[in-house]
Amino acid sequence: MARKTLELKAGKYADLKTWNKKGEIKEGDELDGYLYDRENFTTKYGEMYIYVIKKLDGELIKVTGQKNITSKIDNEIPLGVHIWFKFVGLTETANGAMKEYQIDIDDEDRIEVENA
C-alpha cells in the first residue's frame, strides 16, 4: 500500500483568488459582478460550493459557499445574473461565530455565459 496525503479538490477554478478568504475579508467589503459559474464537490465536511463571479472589469474571482451564502443562493438562480455580495460581519450562533453576508441580485441585468 502506498500512502499519500489527499488535497482538497477545488475543481477547475482552483487557481482563482478567493474573495471571502478567512483573514482577508473585512466588514463592509463588497463584490459586484455576474454569476459566471458554480460547482460543488464533496469534502470530508460534506458538500462544498464555489461560486465564480465575473467582476465588472472582467476578472474572474471565486466565493466559497459558506452556509450563510449557500442558504441564500438558490441553484435555480441562472448563470449570468448580476449579483452583489456584502460582508456584513460575524454573527454568533450555537456553533460559534458565523460570517454574515447580504446578497442581492438583479435578474433583469444579465450577461451571456457559455456554461449556462
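Two strands count as paired here if DSSP finds at least two bridges between them. Strands themselves are DSSP runs of type E with at least two residues, numbered from the N terminus. The model shown in these views is predicted, so local features need pLDDT of at least 70 and side-chain atom pairs count only at pLDDT 80 or more, while totals for chains, interfaces and linings use all residues. Residues are numbered from 1 along each chain as its sequence is written, and side-chain values use heavy atoms, with hydrogens and water left out.

**View 1**

**View 2. Strand 1 has antiparallel links to strand 2 and to strand 4.**
How many bridges join strand 1 to strand 2? There are 10 between strand 1 and strand 2 (residues 46-55). One place to look is Thr-43, whose bridge partner in strand 2 is Gly-46. A hairpin connects strand 1 with strand 2 by way of two residues. Turning to the other partner, strand 1 (residues 30-43) is joined by five bridges to strand 4 (residues 81-93). Here you can find Tyr-34 opposite His-82, and Glu-30 with Lys-86 as its bridge partner.

**View 3. Thr-18 and Asn-20 sit in the segment before strand 1.**
Are these two residues buried or exposed? Thr-18 is buried, with a relative accessible area of 15%, and Asn-20 is buried too, at 1%. Buried means under 20% relative accessible area, exposed means over 50%, and partly exposed lies in between (1.4 Å probe, protein chains only). Contact means heavy atoms within 4.5 Å. Leaving out residues up to four places away in sequence, Thr-18 touches Ile-61, Lys-62 and Thr-64.

**View 4. Trp-19 and Phe-85 make a tilted ring pair.**
Rings of Phe, Tyr and Trp (its six-membered ring) pair if their centres lie within 6.5 Å; planes under 30 degrees apart count as stacked, over 60 as edge-to-face and the rest as tilted. By this rule the model has four aromatic pairs. For Trp-19 and Phe-85, the ring centres are 6.0 Å apart and the planes stand at 50 degrees, so this pair is tilted. Trp-19 belongs to the segment before strand 1 and Phe-85 to strand 4, so the pair ties together parts 66 residues apart in sequence. Both Trp-19 and Phe-85 are buried. Ring pairs also link Trp-19, Phe-85, Phe-87 and Tyr-101 into a cluster.

**View 5. Tyr-49 and Tyr-51 form a stacked ring pair.**
Their ring centres are 6.4 Å apart and their planes lie at 10 degrees, so the pair counts as stacked. Tyr-49 is found in strand 2 and is buried, with a relative accessible area of 19%; Tyr-51 is buried as well. Tyr-49 and Glu-39 are 10 residues apart in sequence, and their C-alpha atoms are 5.8 Å apart in space. Beyond its neighbours within four places in sequence, Tyr-49 is in contact with residues including Glu-39, Asn-40, Val-63 and Asn-75.

Terms used
Helix = DSSP H or I, 4+ residues; strand = E, 2+ residues; numbered from the N terminus.
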